[in-house]
Amino acid sequence: MKKLFTLLAFLTCFLGANAKEVVDVEIDFSTYDEMWKWGNGWIPSDEIRSYFDLDNGCFHFHLDEAKANNYDIQLQPFPGTDDTDAVYTVTVTIKGTVEQNIWFSFGGSNTPGDVPVSTDWQTHVFTDVVNDASAPYFANSGSILLQCGHYVGDFWISYLKITHEEKEQAPVNWIDMIKNGDASEAWANPDAQVVNNAYDGEGAEEICAYSKEYGYNDNNPHAAFIEDGAFYTTTQPCEDMDGAAEEWQNQFWINFPRALKDGEHLRLSFDYKASEAAQGAGQGHRAPGDYLGGWGPGTIDFTTEWQTYTKEFDATADCHSIAFNLGGNGQFEKEITFFFDNIKLEYMDLKQGWFVAATDTEDGDPAYNFDEAQEFVEDGDALVATVGTKGDEDSWVNQVMISTAYGNDKGFKAATIKVSGIIKNDPEVWPGFEPAGKSTIDLPVKGVWQISIDEESSQINFIKLEGQEDKKELEKIVNATEATLHGSAKTSQAWDNQFWIAANRDLAKGEKVLIEFDYWASEDGITVQSQAHGVGGDGNPCNYIMHGLLGDFTFNTQLQHYSETVTIPDNADKMRSICFNMACVDQAVDYTIANVVWMTADMTERLVDPEDEGIFWLKTGEGAYVQYPAVPLPAPRPNANGDKDADGKDIIDVSDIDFVIEYIDQEVNEENAGADTNRDGKIDVADIDTVIEAIK
């Protein structure tokens with residue numbers, strides 16, 4: 001299978017020597033007598049479920065007629081993994097009635113990809129499989145997406161295993177931050193609740209257990225009931241609700257004493273049981289009732305006997321509680337009592353301070369050794385550390401991780417910082433920084449670097465003591481290519497019409513880039529959506545990664561200019577292009593983008609070459625996407641102030657009328673396109689009237 005060396009080399013940064021194998025998921029289906037009890041991810045509908053069952057101790061699929069698309073039958077039927085830093089091995093034992101591939105996508109990546117199904121039992125082992133944190137819907141889930149809408153016949157899976165290697169760590173002490181997690185005391189304020197997503201009542205924020213019963217307390221989450229040293233809630237039937245809403249009309253929350261920080265490494269544990277067999281789907285919330293998403297414990301199976309849940313996880317920023325939706329699986333019609341006890345949220349007891357680990361990502365083995373991280377020392381008003389050794393070129397580094405914790409690899413990575421400004425080799429340049437788990441900091445060039453931290457102002461400085469020559473700052477030169485998408489009327493989705501600006505390489509999460517372009521349309525007030533796309537299997541930069549990269553844009557007939565320094569979001573890692581969804585309105589509209597500048601924020605690298613005419617890709621309606629210039633003639637281009645003849649003046653005057661008259665009754669072409677001022681495809685007296693109205 002294909003190896004993604006660059007990505008795997010990056011992931012190697014987070015592994016060290018003396019690794020041990022960790023089994024994340026292992027399912028022998030012969031040990032189950034009921035579907036999905038091994039814990040499932042996303043199963044979208046009863047119709048999808050109907051194609052699967054347990055047959056002769058195997059996970060079994062049957063389809064009589066192929067669907068239009070392979071993804072018409074897709075689901076995440078197996079438990080997932082949480083660590084996006086790891087490189088995984090997936091083992092699957094499978095056979096079928098037909099020799100044909102099915103599709104496994106692990107953690108949103110393109111691996112393993114096609115899984116061959118033979119008429120004999122075969123065990124396939126896929127290595128170098130990654131949990132792709134940039135992929136939508138999969139980030140931190142590590143689930144396998146199974147697509148099999150084209151497989152006509154039967155296939156059986158008898159065994160599935162997911163493993164990864166992890167460095168052996170010294171034992172650490174865990175410290176619990178939960179108060180009254182054993183329900184040994186009555187609440188000091190039993191009237192504490194959450195109203196309109198805000199904690200209400202003294203001490204409400206630190207109460208560790210909340211519940212909501214349909215129809216009780218105006219449906220507001222309240223301090224959970226306590227009886228016999230355990231927390232409990234009894235669900236109330238909520239029939240006649242709309243669809244999924246039934247699932248969360250009865251809920252229980254494990255509430256944390258504070259909002260969690262992005263990426264901090266914690267351990268959650270609790271005991272649980274119910275008055276009858278039931279399920280509860282766990283998800284992240286801010287305050288109880290304020291859905292956040294991100295990490296959650298997934299679906300847990302309750303029995304009438306106490307069970308214990310324990311999981312280490314990397315926190316989602318701003319998560320303040322974990323909700324369990326208790327109405328799923330048909331339970332919304334029942335009264336079921338759910339019990340929780342011994343709730344703990346623990347953090348590692350690590351050495352606190354400032355520490356830096358460094359690596360060279362270009363040497364083929366870019367592993368971090370966190371055990372050898374250097375501690376910053378006081379030097380005047382700053383804390384200072386040096387990475388690399390002067391006089392030893394082999395010690396030069398180009399990337400660091402800076403953390404406030406030391407003593408465990410996961411703890412170190414969870415407490416890192418990211419730099420919010422541009423790093424330069426300059427004693428006068430002190431960009432800001434902020435906490436961000438698992439954050440690496442790219443240095444401008446490889447070398448020996450002195451790093452200084454001003455804790456009070458949260459600023460940081462980098463000075464190169466020795467190393468490669470500094471990169472030269474480049475002149476900002478506009479790519480003058482201009483392209484128009486003659487958008488068709490919306491037929492279904494906002495992405496029926498799409499327009500891409502493509503960079504010349506993949507961009508990494510955390511990179512800071514300068515993006516500029518001009519944009520306008522044939523109609524006023526047309527809002528379009530922006531997305532980040534990556535390179536697809538066909539090698540083209542038109543493969544969806546995330547929504548909302550630059551926000552929404554409102555196109556008007558007058559030229560507008562966009563210019564921003566943008567940090568590539570974590571979930572846009574490996575993006576290659578900016579995509580605009582241009583079918584957000586029913587009518588057909590022409591959209592034009594021109595004068596693109598795309599550079600690294602430090603101005604040392606051009607991500608769009610000024611001379612490259614192939615930076616745009618377009619798709620109209622049901623058509624395939626094509627690279628510009630394989631598009632129709634661009635529409636007339638207005639000046640920002642309406643200067644129709646583009647004579648460089650910031651006014652509309654008689655010369656603009658003369659320009660139109662010069663081309664009256666001629667066919668519109670590239671030379672005279674500006675004379676078609678009303679954009680009706682003709683040059684006539686109506687265009688003169690348009691200019692006169694503008695002069696008024």
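**Reading the model**

Mentor: Gladly! Let us start with strand E29 (residues 397-406), which is mostly covered, as eight of its ten residues are buried. Keep in mind that this is a predicted model.

Trainee: Which strands does E29 pair with in the antiparallel sense, and over how many bridges?

Mentor: Seven bridges join strand E25 (residues 351-359) to E29, and the two run antiparallel. In that pairing Val356 stands opposite Ile402. E29 also pairs with strand E32 (residues 441-454), again in the antiparallel sense, over three bridges. There, Val400 has Ile441 as its bridge partner.

Trainee: Why is Thr163 called buried?

Mentor: Thr163 has a relative accessible area of 6%. Buried means under 20%, so Thr163 qualifies. This residue lies in strand E10 (residues 153-167).

Trainee: What is Thr163 in contact with, leaving aside its neighbours within four places in sequence?

Mentor: Thr163 is in contact with Glu21, Val22, Val23 and Asp24, and also with Val87, Tyr88 and Thr89.

**Sheets and their edges**

Trainee: What is the strand order in the open sheet of six strands?

Mentor: The order is E38-E37-E40-E35-E42-E43, and the pairing is antiparallel.

Trainee: What makes E38 and E43 edge strands?

Mentor: Strand E38 (543-555) and strand E43 (626-627) each have a single partner strand, so one side of each is left without a neighbour in the sheet.

Trainee: How do you know that E35 and E42 pair?

Mentor: Four bridges join strand E35 (residues 498-507) to strand E42 (residues 616-619). At least two are needed, so these strands count as paired. As an example to look for, Gln498 stands opposite Lys619 in E42.

Trainee: What is the order in the open sheet of four strands, and which strands stand at its edges?

Mentor: That sheet has the order E34-E41-E36-E39, with antiparallel pairing. Strand E34 (479-486) and strand E39 (560-567) stand at the edges, because each has a single partner strand. From one strand to the next, the twist averages 25°. Strand E36 (residues 512-521) pairs with E39 over eight bridges in the antiparallel sense. Within that pairing, Glu516 has Ser563 in E39 as its bridge partner.

**Inside the protein**

Trainee: Which residues touch the most other members of the largest nonpolar core?

Mentor: They are Phe231 and Phe270, in a core of 42 residues. Several strands each supply at least two residues of this core, including strand E14 (209-212), strand E22 (307-314) and strand E24 (337-348). Strand E19 gives the most, with five residues. A second, separate core has 40 residues, among them Ile501, Ala521, Ala572 and Met582.

Trainee: How many helices and strands are there in the protein, and how much of the protein counts as buried?

Mentor: The protein has five helices and 43 strands. Of its 696 residues, 49% count as buried. The protein exposes about 31200 Å², and carbon and sulfur atoms supply 44% of that.

**Salt bridges**

Trainee: Why is the pair Asp470 and Lys464 called a salt bridge?

Mentor: Their closest N and O atoms are 2.8 Å apart. The cut-off is within 4 Å, so the pair qualifies.

Trainee: Are Asp470 and Lys464 buried or partly exposed?

Mentor: Asp470 has 33% relative accessibility, so it counts as partly exposed. Lys464, at 16%, counts as buried, because buried means under 20%.

Trainee: What makes Lys574 and Asp573 a salt bridge?

Mentor: The closest N and O atoms of Lys574 and Asp573 are 3.6 Å apart, and the rule asks for within 4 Å, so this pair counts as well. Lys574 is partly exposed, with a relative accessible area of 25%, whereas Asp573 counts as buried at 13%. Elsewhere, salt bridges that share partners join Lys167, Asp371 and Asp409 into one network.

Trainee: How many salt bridges does the count come to?

Mentor: The count comes to 22 salt bridges. One of them links Asp290 with Arg286, whose closest N and O atoms are 3.4 Å apart.

Terms used: Residues numbered from 1 in each chain as written. Predicted model: local features only at pLDDT ≥ 70, side-chain atom pairs only at ≥ 80, totals over all residues. Heavy atoms only, no water. Core = buried A, V, L, I, M, F, W, Y, C linked by side-chain atoms within 4.5 Å. Buried < 20%, exposed > 50% of the residue type's maximum accessible area, 1.4 Å probe, protein only. Areas by Shrake-Rupley, 256 points an atom, 1.4 Å probe, with all protein chains shown as cover. Contact = heavy atoms within 4.5 Å. Axes fitted to C-alpha atoms, helices over the stretch in contact; angles between N-to-C directions. Salt bridge = Lys/Arg side-chain N within 4 Å of Asp/Glu carboxyl O.
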